[in-house]
Amino acid sequence: MVVPTMADQYQLNANEEKKIVKDSHTKEIDLINRDPKQINEDVVKVDFEDVIAEPDGTHSLDGVWKLSYTTFTVSKYWCYRVLSAIFGIPVALLWGFLFACISFCHIWAVVPCIKSCLIESQCVSRIYSLCIQTFCDPFFEALGKIFSSVRVVLRKEV
């Protein structure tokens with residue numbers, strides 16, 4: 001049995017860290033399932049039957065219905081493709097900037113501000129607690145001792 005030396009373990013850990021960093025930046029995307037978390041499952045999944053429907057007793061010609069279906073499906077397909085080809089990359093760039101700005105604000109402003117408020121409130125909380133223990137606790141203990149001998153009797157008279 002070969003026992004790895006400390007240098008071998010360090011090299012192994014360094015390689016794993018490099019692999020993790022490399023994988024996070026070069027993540028391979030799935031070209032088949034493009035909504036793995038199903039965030040758009042019931043929002044934009046619109047088919048012909050979801051938009052156009054003819055009730056019984058009101059039917060167009062079969063040829064018109066088939067051609068309408070084909071026109072709707074093909075125009076939706078190609079319109080989406082053309083729009084995504086023209087605007088997809090610029091909009092992705094804008095969303096990337098927006099989420100980068102949100103992350104920056106959250107990391108560098110919001111969390112430190114909340115942490116600062118928590119630290120300050122802990123200080124105020126300790127002072128408040130000290131004042132309550134110093135002044136109010138003895139007062140209420142004295143009141144408790146004064147009224148501890150009071151007995152209440154409830155009688156029902158008919």
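Q: What percentage of the 158 residues of the chain count as buried?
A: In this predicted model, 1% of the 158 residues count as buried. The chain exposes about 15,600 Å², and carbon and sulfur atoms supply 67% of that area.

Q: Which secondary structure elements does the chain contain?
A: There are 3 helices and 0 strands. Along the sequence the pattern reads α-α-α.

Q: Why is F48 called buried?
A: The relative accessible area of F48 is 3%. Buried means under 20%, so F48 counts as buried.

Q: What makes Y69 partly exposed?
A: Y69 has a relative accessibility of 38%. Partly exposed covers the values between the 20% limit for buried and the 50% limit for exposed, so Y69 counts as partly exposed.

Q: How many aromatic pairs does a search of the whole structure find?
A: The search finds 7 aromatic pairs. Ring pairs link F48, W65, Y69 and F72 into a cluster.

Q: Why do F48 and Y69 count as a pair, and what kind of pair is it?
A: The ring centres of F48 and Y69 are 5.3 Å apart, and rings pair if their centres lie within 6.5 Å. The planes stand at 85 degrees; angles over 60 count as edge-to-face, so the pair is edge-to-face.

Q: Which parts does the pair of F48 and Y69 tie together?
A: F48 lies in helix 2 (residues 48-51) and Y69 in helix 3 (residues 62-147). The pair therefore ties together parts that are 21 residues apart in sequence.

Q: What makes the aromatic pair of F139 and F140 edge-to-face, rather than stacked or tilted?
A: The angle between the planes of F139 and F140 is 70 degrees, and edge-to-face applies over 60. Centre to centre, the rings of F139 and F140 are 5.3 Å apart, against a limit of 6.5 Å for a pair.

Q: How many disulfides are found in the whole structure?
A: The search finds 0 disulfides. The cysteine sulfur nearest to that of C131 belongs to C136, 8.6 Å away, whereas a disulfide needs two sulfur atoms within 2.5 Å. C136 is likewise in no disulfide.

Q: Are C131 and C136 buried, exposed or partly exposed, and what are their values?
A: C131 is partly exposed, at 38%. C136, at 28%, also counts as partly exposed.

Note on methods:
Residues numbered from 1 in each chain as written. Predicted model: local features only at pLDDT ≥ 70, side-chain atom pairs only at ≥ 80, totals over all residues. Heavy atoms only, no water. Buried < 20%, exposed > 50% of the residue type's maximum accessible area, 1.4 Å probe, protein only. Phe/Tyr/Trp six-rings, centres within 6.5 Å; stacked < 30°, edge-to-face > 60°. Helix = DSSP H or I, 4+ residues; strand = E, 2+ residues; numbered from the N terminus. Areas by Shrake-Rupley, 256 points an atom, 1.4 Å probe, with all protein chains shown as cover.
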